[in-house]
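Hi,

Here is the structure I promised to pass on. Have a look at it first, and then read my notes below.

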Amino acid sequence: MVHLHTGHGQGDFTASAFIVRDTPGGLVGLVHLHKKFGTLLQVGGHIEWDETPWSGLAHEVAEETGYRLDELDVLQPYAPLPGSEGPRKLPVPASVESHWVIDGHFHNDLRWAFVASGVPIRPAADGESSDLRWYTLAEMQSDPLLPAPLAADYQLVMTTLWTSWKRYRASTWPTTLPHPKAAAAPA
């Protein structure tokens, strides 16, 4: 995705996913080797002008991993509010982080925590990194290509949120936002 704000000191909104899977060897988290930065990161990317944070996240997760929202659960601190299945309410992010990226540019990253029951049934999109890795926390903490803050983020997801937040099917929340004129149109 392209940067929407390119001036010095400007930032973009991004959405990312911490995807965790329970395996016979314990919990593992998904990271990928970022082609541009050459480091291991969680999946995610820029939210485009025509996307909500949730639809932007859905398309980034599908492109980079092959997962669709109907294959994942999202961890949430409480049950979806009445009307949550409507287009305006989004699931609660696990965290929000602002960080400098390169050349005086920063990202405001909305971060969701997901649970996968298996590996994706579809491949990542052409042109995306094919280097997807499932790591235990110990492996994350020892790989020099994985930034220490990312290991700490996964530790939060794989310990505190894993045991205290509930799982809900991620596809409960739609990725489309109907235009208000379409809703008001006569039937």
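What follows is a short tour of what turned up in it.

First, the ground rules. This is a predicted model, so local features need pLDDT of at least 70 and side-chain atom pairs count only at pLDDT 80 or more, while totals for chains, interfaces and linings use all residues. Residues are numbered from 1 along each chain as its sequence is written, and side-chain values use heavy atoms, with hydrogens and water left out.

The overall layout: the chain has four helices and nine strands (DSSP runs numbered from the N terminus, H or I of at least four residues for helices and E of at least two for strands). Going along the sequence, the order is β-β-β-β-α-β-β-β-β-α-α-β-α. Of the 187 residues, 43% are buried (under 20% relative accessible area, with exposed over 50% and partly exposed in between, using a 1.4 Å probe and protein chains only).

Which strands does strand 2 join by bridges? Pairing here needs at least two DSSP bridges between two strands.
- Strand 1 (residues 11–23) pairs with strand 2 in the antiparallel sense over four bridges. The two form a hairpin with two residues between them, and Asp-22 sits opposite Leu-27.
- Strand 8 (residues 132–135) is also antiparallel to strand 2, again with four bridges; here Val-31 has Arg-133 as its bridge partner.

Strand 6 (95–100) is another story: the count of buried residues among its six residues is zero. Six bridges join it to strand 7 in the antiparallel sense, with Trp-100 opposite Phe-106. Their hairpin has five residues between the strands, and Asp-103 takes a positive phi near 50 degrees there.

On to the helices. Helix 1 (53–65) is largely enclosed by the rest of the structure, because 11 of its 13 residues are buried; among them are Trp-54, Leu-57, His-59 and Glu-60. Helix 1 reaches 18 Å from its first C-alpha to its last, close to the 18 Å expected at 1.5 Å a residue (that figure times one less than the number of residues).

Helix 3 (residues 148–164) has 17 residues and should span 24 Å, which agrees with the 24 Å between its end C-alpha atoms. Even so, helix 3 has a kink of about 25 degrees centred on Val-157 (the angle between axes fitted to the seven residues ending at a residue and the seven starting there).

Finally, the largest pocket has a volume of about 860 Å³ (an open set of points on a 1 Å grid over the protein atoms alone where a 1.4 Å probe fits, with protein on both sides within 12 Å along at least five of seven lines; lining residues have an atom within 4 Å of a point; the volume is the space filled by probe spheres set on the points, which are joined across faces, edges and corners). Of its 33 lining residues, the closest to the centre are His-34, Phe-37, Leu-41, Gly-44 and His-107. Helix 1, helix 3 and strand 6 are among the elements that each supply at least two lining residues.

Happy browsing!
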